[in-house]
Amino acid sequence: MVALVLSACGGAAEAPTVATAGGSSAQPTGSAGAVSGPVAQYVEGQRQWVNCLRKEGFDLPDPDAKGRVDLSAPDVPKKTDQKWRAAQEKCKGFSLPIPDELEEKGPPVTAEQIAHRREYAKCMRANGMPDWPDPGPDGEWPQAGSMSRELTPQEQALNIRALQICEPVLDGRPKTTANPNGAGRG
C-alpha cells in the first residue's frame, strides 16, 4: 500500500527484499497467492509422481515449470509393460488434473466447425463407436469419460473404420466408406 502511494506521488519505492539462506537478500517473484495456487499444486504433485515412479525403478526426468514430464524418451516403458502399469497404479494418487491455466487451447471454434463436430460425433456413433461423445457448447471434445480408457482390439478396429468413414465430416464434406478405394457415400 505504501509503495502504491509513493509511486502515485512520483516517489520511487524499492520492492521489499526476501532473506535467503546465504544471508543476502533477493527480490520477491510473483505474488504469494501464485505459490499456493492450482499451478503450483499441480507442479508439486507432478514432482511427487515422478519421485514415486523413480522409487519403482523408472528413471524419469524432472517435470518442467508447467509440470510436464517428457515421456517420449526411448527408455520410457510402453503402456503395455506390466511393471510400468503397476507403478502407474501405485503412484496415481500424486497425479492431479491439469489446471485450466495450463491447458493448451487453440483458436476459438466457429459455429460452423461446432456443427461439423456434432455431425462427426453422430457419424462416429452410427459407425461402430456408440460411446463417442458430443463436443461441448464451445466445440471442444470432453477430456475425460469413456474415450479415456484403453480400447479392446475389436473396438480399435471399429474406431479405425469409423474414423475412415467420418473424417471428411469434420471439414463439412460427405462421409465416405470404410474402404479408401471405394466410392463415397453421402
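Author: A disulfide is a covalent bond between the sulfur atoms of two cysteines. Here the term is applied to a pair of cysteine sulfur atoms within 2.5 Å. This is a predicted model, in which local features need pLDDT of at least 70 and side-chain atom pairs count only at pLDDT 80 or more, while totals for chains, interfaces and linings use all residues. Residues are numbered from 1 along each chain as its sequence is written, and side-chain values use heavy atoms, with hydrogens and water left out.

Reader: How many disulfides does a search of the whole structure find?

Author: The search finds 2 disulfides. With bonded cysteines counted along the chain, their pattern is 1-2, 3-4.

Reader: Which residue is joined to C52, and where do the two lie?

Author: C52 is joined to C91, with an S to S distance of 2.0 Å. The link is left-handed, with -80 degrees about the S-S bond. Helices are DSSP runs (H or I, at least four residues), numbered from the N terminus. C52 belongs to helix α3 (residues 38-55) and C91 to helix α4 (residues 82-91), so the pair links distant parts of the chain, 39 residues apart.

Reader: Why is the disulfide of C123 and C166 left-handed?

Author: The torsion about its S-S bond is about -85 degrees, so the disulfide is left-handed. Because C123 lies in helix α5 (residues 111-126) and C166 in helix α6 (residues 153-166), the pair ties together parts 43 residues apart in sequence. The S to S distance of C123 and C166 is 2.1 Å.

Reader: Are these cysteines buried or exposed?

Author: Buried means under 20% relative accessible area, exposed over 50%, and partly exposed in between (1.4 Å probe, protein chains only). C52 and C91 are buried. C123 is buried at 6%, and C166 is buried at 0%.
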